[in-house]
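I opened the file and went through it one place at a time. My notes follow in the order I looked.

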Amino acid sequence: MDEIFEFYKKYNGLQNVLRKGWLMRNVPVTSQEDDAHHTLQTILLADLIIRKQNIKGVNLLKVLEMLLIHEIGEGIIGDISMIEDDYNERKKEEATAVKKQLSCLGGELSEYYFSLWQEFESRTTKDAEFAYFIDKLDAVLKAKQYDETLNQDTYYSEFYPHALEVLKENEFLGLLHH
């Protein structure tokens, strides 16, 4: 159980990682989302959408586990934004950080979660495509929420077109229009 408690402690560190996209856009610190909340929100969205839209051919448990683990490396290196100049280098650092975070779990479990993280990152399966879609959808919905709660009119108008561009070949893109 010690390894579970150690990982639990590392995982809780995600609550201290503020989302870089909102930092870069000067969202007030008191309103900023952290990686832990983002992760929880993606899990909720995935579960609700799969069930409500009756999506077939997607493994709900696997998607939820991918989303559960997709930010774990950022507990070491901080949040990564796609618009950073050193994005590709940061993504390489993230793989090392993910392995380090998972190492306390031991061989088989560590390898299992790392393979889920890799699958999410590669987006080569339908499950990973859906999980990635949910990750981006969360940003769009958060942007809309920030616009409403902070009396802005800029976040959603920036994030929605960006999501459409990033997801242009994602088979779940059509769900954005429902």
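Which residues does Ala 46 touch, not counting residues up to four places away in sequence? I started there. The model is a predicted one, and every value below is computed from it.

**Entry 1: Ala 46**

I found Ala 46 in helix H3, residues 35–52. Its partners are Leu 60, Val 63, Leu 64, Leu 67, Phe 130 and Ile 134, with residues up to four places away left out. I looked up its accessibility next. Ala 46 has 0% relative accessibility, so it counts as buried. Asp 138 lies 92 residues from Ala 46 along the chain, and their C-alpha atoms are separated by 9.8 Å.

**Entry 2: helix H7**

I turned to H7 and its length. H7 has 16 residues. From first C-alpha to last it reaches 22 Å, close to the 22 Å expected at 1.5 Å a residue. I then listed its buried residues: Ser 110, Tyr 113, Phe 114, Leu 116, Trp 117, Glu 119 and Phe 120. What do the buried residues of H7 pack against? I found helix H4 (60–69), H6 and H8. I noted the backbone just after H7 as well. There, Arg 123 takes a positive phi of about 55°.

**Entry 3: two asparagines**

I kept on with positive phi values. Asn 26 is not a glycine, yet its phi is positive, about 60°. I placed Asn 26 in the loop between H2 and H3. Is Asn 26 buried or exposed? Its relative accessible area is 64%, and over 50% counts as exposed, so Asn 26 is exposed.

Asn 151 is also not a glycine, and its phi is positive at about 55°. I located Asn 151 in the loop between H8 and H9. Asn 151 has 70% relative accessibility and therefore counts as exposed.

**Entry 4: helix H9**

I checked the span of H9. At 1.5 Å a residue, its twelve residues should span 16 Å. The C-alpha atoms at its ends are 16 Å apart, which agrees. I listed the buried residues of H9 as Tyr 155, Phe 159, Tyr 160 and Ala 163. Where do they fall, seen down the axis of H9? They fall within an arc of 105°, so they line one face of the helix. I looked for what covers these buried residues, and H2 and H8 are included.

**Entry 5: the largest pocket**

I moved to the largest pocket. Its volume is about 700 Å³. I noted that 32 residues line it, and the closest to its centre are Ile 80, Ser 81, Met 82, Asp 135 and Lys 136. Which helix supplies the largest share of the lining? It is H8, with six residues. I marked five helices that each supply at least two lining residues: H2 (20–24), H6 (87–102), H7 (107–122), H8 (126–149) and H9 (155–166). I sorted the lining by residue class. Twelve residues are nonpolar, five are polar and 15 are charged.

**Entry 6: Lys 136**

Which residues is Lys 136 in contact with, leaving aside its neighbours within four places in sequence? I recorded Met 82, Val 166 and Leu 167.

Definitions and conventions:
Residues numbered from 1 in each chain as written. Predicted model: local features only at pLDDT ≥ 70, side-chain atom pairs only at ≥ 80, totals over all residues. Heavy atoms only, no water. 1 Å grid on protein atoms, 1.4 Å probe; cavity = no way out; pocket = protein on both sides within 12 Å on 5 of 7 lines; lining within 4 Å. Points joined across faces, edges and corners; volume = space filled by probe spheres on them. Helix = DSSP H or I, 4+ residues; strand = E, 2+ residues; numbered from the N terminus. Nonpolar A, V, L, I, M, F, W, Y, C, P; charged D, E, K, R; others polar. Expected span 1.5 Å × (residues − 1). Buried < 20%, exposed > 50% of the residue type's maximum accessible area, 1.4 Å probe, protein only. Arc of directions from axis to C-beta. Contact = heavy atoms within 4.5 Å.
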